[in-house]
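Let's take a walk through the aromatic side chains of this protein. Have the model open beside you as you read.

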Amino acid sequence: MIKLSVSALVVLLLMSSAWACAASVPTHIQIKYRVSMGSMKIGEGLDTFEHDGKTYSVVSESKTAGLAAMLYQLNIRREAKGRITSEGLKPRTFVESRNDKVKRSATFDWEKNQVELAEGDENKHTVPLPPSTWDATSFAWNFAFVPAGDKELNINLTDGRRVTSYRYAIVGRETLNTVIGDIPTLHVKKVLEGDDKRAFDVWLATERHYLPVRIRYTEKDGTAFDSLVEAIDTSSR
């Protein structure tokens, strides 16, 4: 009979839980968003998430639309790739482009616990990589593999410029009224500390694998950009 230590058993249970969760998440997901500022539509967003149970990729694209596009053409593309682990998504690379020009990137080295950050093709520097660190795109999708629960979250995020520690509070359950119907969600909100005025909220669809169906960024001047789901396409390939 094979004997396992308590620590080894815990690791196996965590891995089994992660694999089971990964198996339940569709391997191909597309979410279309309406991007608004106040009541005015200013853009469109499309997120495409794919995984094979071991690795994942997510591409998030948003562009100005309508009157906003007539005033200013802006296309933002963020792409992240990484592994699926017992702790959820573990990014390897992150790249953000604006109007087809690379703006910033991050390359994660979990073996050396460091991440290389770059703005454009220059200004590259390496900083320590603490546990529980995600890029700005992978973070919202991590909840599909490791649900938020009901506790406050302490995490680290990078957008390619720096790695910053944040606290996130579980606000509670809310129902979103959308063009595809009412969606039960869990509202997760960044806790603002010190002079930080940049807010971030995400609503996770509790009956749809905790997918991010609404995301709201609030700038330090109070301007809020709201991305609300308009369509969800899921499949297993």
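Which residues do ring pairs link into a cluster? They are Trp134, Phe139, Phe143, Tyr168, Phe200 and Tyr217. A word on the ground rules: this is a predicted model, where local features need pLDDT of at least 70, side-chain atom pairs count only at pLDDT 80 or more, and totals for chains, interfaces and linings use all residues. Residues are numbered from 1 along each chain as its sequence is written, and side-chain values use heavy atoms, with hydrogens and water left out.

Rings of Phe, Tyr and Trp (its six-membered ring) pair if their centres lie within 6.5 Å; planes under 30 degrees apart count as stacked, over 60 as edge-to-face and the rest as tilted. That rule gives ten aromatic pairs. Take phenylalanine 49 and tryptophan 141: their ring centres are 4.9 Å apart and their planes meet at 10 degrees, so this pair is stacked. It joins distant parts of the chain, since phenylalanine 49 sits in strand 2 (residues 40–51) and tryptophan 141 in helix 3 (residues 138–142), 92 residues apart. Helices (H or I, at least four residues) and strands (E, at least two) are DSSP runs, numbered from the N terminus.

Both partners are buried (under 20% relative accessible area, 1.4 Å probe, protein chains only): phenylalanine 49 has 0% and tryptophan 141 has 2%.

Phenylalanine 139 is buried at 4% relative accessibility, as is phenylalanine 200 at 9%.

Definitions and conventions. Buried means under 20% relative accessible area, exposed over 50%, partly exposed in between (1.4 Å probe, protein chains only).
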